Amino acid sequence: MYNPQLTSDGKLKHLLSIEGLPKKVLVQILDTAESFVSVAQRDVKKVPLLRGKTVCNIFFENSTRTRTTFEIAAKRLSADVINLNVNTSSQSKGEAILDTVNNLIAMHTDMFVVRHNQSGAAHLIAKHVPDNISVVNAGDGRHSHPTQGLLDVFTIRKYKPEMHNLRVALVGDVLHSRVARSEIHALTTLGVPEIRVIAPKTLLPNEVEKLGVHVFHDMKAGLKDVDVVMMLRLQSERMSGAMLPSTQEFFKTYGLTPEKLALAKPDAIVMHPGPMNRGVEIDSRVADSGQAVILPQVTYGIAIRMAVMAILAGGAA
Amino acid sequence: MKILIKNGRIIDPKNNIDAKQDLYIAAGQIVGIGEAPKGFSANQTIDATGLIVAPGFVDLCARLREPGDEYKATLESELRAASAGGVTSLSCPPDTDPVLDEPGLVEMLKLRAWRHNLARIYPLGALTQKLEGKALTEMCELTEAGCAGFTQADHPIIDTQVLWRALEYAATFGYTVFLRPEEPFLAKDGVAHDGEVAGRLGLKGIPSAAESLRIAAVLRIAQETKAKIHFCRISTAEGVALIREAKKNGIAITADVSIHHLHLTEHDIGYFDSNANLKPPLRTLRDKDALCLGVKDGTIDAICSDHAPVDDDAKLLPFAEAEAGATGLELLLPLTLKWSSNHKASLQNAIAKITSEAAAILGINNGNLSVGANADIAIFDPEAAWQVTPTALKSQGKNTPFINMELTGKVIYTLMNGQITYQDKMK
């Protein structure tokens, strides 16, 4: 099938979703990120790869954390960065998404980092922009959040380099989670043999097993002997009623407590894309434990975003 | 004006004719088939060698966008599209702005269409006022004004008591109620089939059960009220099975399917192609196969275009925000033919689905070539291939999942009321 994010010779043109990316492109991004991890530890935290380029963060949906990490990543690559928060209220006042984009194209930006609350928004923009502009999806609706998926597998690779010998569990609101979809595609592409999703039926998409995952409704059974536990944020703001009775009951059944974590392998790592709802999906005793790699995820997130931007700008091998 | 159509292969499903014969037209009517009426001398002769001469097509669902949505399409542009597609009778749903819930609006629409003299239109009146699903419309008045039946278009009634009463009232007068079966709560905010693709793309799904539950409910109410129900645009295998069973049990119902659902599945959404945002949503391969078989075995009586021209701006949006619908009038013939060749159905059977069967559902005496009938005729080349491009389409709506594809089956002449209203440029 035609893949809108690759050039005709198989190079990365846009980063829209993990699905459809060949393994070699994924590995290229991860390896490139590896070389950027050290940039943050230097006195001068800058490399000149994007000097003279303008990166525009267009956020149609609010996000401080993701926008900040993209901003830092671009600045460490010496790009000029513009942040634009087009909140959905001004969208509903009538300006169509492509009108906003057209204005920014006219300002000669080189790269768009886009977040939108609708699935497919990044694809729409990528289809619309001229050839010299790359689009990075920073989250579209429930569909995809590819840099998050990449930084997650990057983190796993750091702690558990034997990817082809891992058991990974994703726990929580898979239905509304673009992070879960990206993680699942990244893990399957990199050859992780067993991916489990653990959630009540109301928080799983129909036919989720077609993504190549094993479905568990019982968290204790699902966590048995896993190497990686990836917790998902319970997106309560997207919850349109009747999916769960209460956050308390959710914590009791699907919250990650030390007792439940004890069922996983003793050296299992715990991940969370943030922001965490402590006491809803994760117990503070787990979140702050030595098994949690939640803050390293944030650190690596910057390296991953630098790698993606550098590759898209043609500045990295 | 007297016209002779000679050397064509006449296919008239209603009269069970499939033969090479000449057709004679005078004063807007068919006056002879096979042999000339006494003293007939043609003013004009159409040579239909190698072509099929069929009744003008009858489309059960075509949105003309008037009144209210003239920036999407106009009566004139869409009636021209109908004519180019060989469609001479069409039924239009009432989801216009304002809604067709008053006799004056229906009369006005019919009058304006009549002036264009391109296709006969049979509006469906709103079943409830403003399609709100609360209060009944004046169905008798609306029928007098020219409504061929009543419908809620894409606004299913939520309150089942209102649904019951609406069907009861329509049954009192023998009016046909056209319902697109969808359980509104299960379908709420959904934009794609609740399956693999919606899960992967992160789109809100509409389960198949949204259709089958509503069919089951309506069938039960129809049994009680004896209402004449026509199910519009069935999309699921379960739906086909329920309708087949109901027909076997003698419940008087009919059903149609759109051209899109006979050929496309959820996978045709690809990477968020908003042209594939349709109501009902495209479903699975299994559903598509069941629909095709349902048409073949007669469970599904008719094929409609579900014509819904949408302006570009309303499609250049993220998938879920894009307006649903596709242009279809000019694709009705080629996609019906494609169904017949894919499923080894006879041409006569295929043409029946867009002529006599559809006409019977609307209760109109078109869609046949009987002597004395209106001379509404589609003459087409079943082998001619053409590419569905924006310029090839007469409709103002260029939105279709089939855009840029090559289809086979091309209308060469359309006659309405004994006059040539469309002629292919090549001829």
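The face of helix H2 (residues 103–116) of chain B that is turned away from its buried side carries the exposed residues B:Gly104, B:Leu111 and B:Arg115, where exposed means that 12 or fewer other C-beta atoms, placed from the backbone, lie within 10 Å of a residue's own, buried means 20 or more, and partly exposed lies in between. This is a predicted model, in which local features need pLDDT of at least 70 and side-chain atom pairs count only at pLDDT 80 or more, while totals for chains, interfaces and linings use all residues. Residues are numbered from 1 along each chain as its sequence is written, and chains are lettered from A and ligands numbered from 1 in the order in which they are written.

The buried residues of H2(B) are B:Leu105, B:Val106, B:Leu109 and B:Ala113. Seen down the helix axis, these buried residues fall within an arc of 100°, so they line one face of H2(B); the arc is that of the directions from the helix axis to the C-beta atoms. Their cover includes helix H1 (75–84), strand S10 (120–126) and helix H3 (139–145) of chain B, with helices (H or I, at least four residues) and strands (E, at least two) taken as DSSP runs numbered from the N terminus. After H2(B) comes B:Asn117, whose phi is positive, near 55°.

Chain A is divided into domain 1 (23–144 + 301–312) and domain 2 (147–297), with bounds that come from an automatic or database domain assignment. The C-alpha centres of these two domains of chain A lie 26 Å apart. The table sets out two contact surfaces, two residues being in contact if their C-beta atoms, placed from the backbone, lie within 7 Å.

| Side described | Residues in contact | Partner residues |
|---|---|---|
| Chain A, touching chain B | 23 residues of chain A | 18 residues of chain B |
| Domain 1 of chain A, touching domain 2 of chain A | 17 residues of domain 1 | 17 residues of domain 2 |

On the side of chain A that touches chain B, H5(A) gives the most, with three residues. On the side of domain 1 of chain A that touches domain 2 of chain A, H1(A) gives the most, with five residues.

Terms used: Expected span 1.5 Å × (residues − 1).
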